[in-house]
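Visitor: Could you walk me through reading a protein model, one feature at a time?
Guide: Gladly; let us look at it together.

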Amino acid sequence: DFDKTIYKDDSTADFVLYTFKKYPKTLLALPKIAYYGSLYVLKLIDKTVFKEKLYDYFKYLENIDKIIDEFVDEYYYKIQAWYFDKQKEDDLIISASPYFLVNAFRKKMNVKYLIASNVDKHTGKYDGLNCYGEEKVNRFHKAYPDGKINEFYSDSYSDTPLAKLADKAYLVTDGKLEEWDYAK
């Protein structure tokens, strides 16, 4: 997992706030985001629909590739030190965050493999399901039919389906690792 596991916080939330601060034109999207955020909180729309509506503001970002690179350079310090102590050549990051965002971190971290939510960085539209929970297992099996997970790390029990595939699984809380409690 990436957010709140390898990356100290939520990279998508940090990216959204970063762009709101640096690119005031994006604030034009706030009423729409608030509206769809309310619908999501009231469980009238699902998470993927809400995220698409949130990411719609990407249309206000000119040269988004440059913005992503600047964001990664500025926020790279949030990659937790424990990860570099454990990093292996065949590591795979699997995340619900947008592929384009986590991929920029992946490259800088010299990690070879990534599975994440396919989101168009210009329109915010999803291509497929949000890579979350059981969907992470589906994507893992599709990409690596004979794949084996030696060690798995996540901050959330929503990743239990993936943790169950691993020889060893660890819950990460504030950069501290503890063995996965499958009873939760």
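Guide: What follows goes from the overall fold to one residue. This is a predicted model, where local features need pLDDT of at least 70, side-chain atom pairs count only at pLDDT 80 or more, and totals for chains, interfaces and linings use all residues. Residues are numbered from 1 along each chain as its sequence is written, and side-chain values use heavy atoms, with hydrogens and water left out.

Visitor: How many helices and strands does the protein have?
Guide: Helices (H or I, at least four residues) and strands (E, at least two) are DSSP runs, numbered from the N terminus. The protein has eight helices and five strands, in the order α-α-α-α-α-β-α-β-α-β-α-β-β.

Visitor: What is the radius of gyration of the protein?
Guide: Taken over C-alpha atoms, the globule rule is 2.2 Å times the number of residues to the power 0.38. For 184 residues, a compact globule would have a value near 16 Å, and the 17 Å of the protein agrees with that. The C-alpha trace spans about 45 × 35 × 30 Å along its principal axes.

Visitor: Is Thr-5 buried or exposed?
Guide: Buried means under 20% relative accessible area, exposed over 50%, partly exposed in between (1.4 Å probe, protein chains only). Thr-5 has a relative accessible area of 0%, so this residue is buried.

Visitor: Which residues is Thr-5 in contact with, leaving aside neighbours within four places in sequence?
Guide: Contact means heavy atoms within 4.5 Å. Thr-5, in the segment before helix H1 (11–22), is in contact with Gln-80, Trp-82, Tyr-153, Ser-154, Asp-155 and Val-172.
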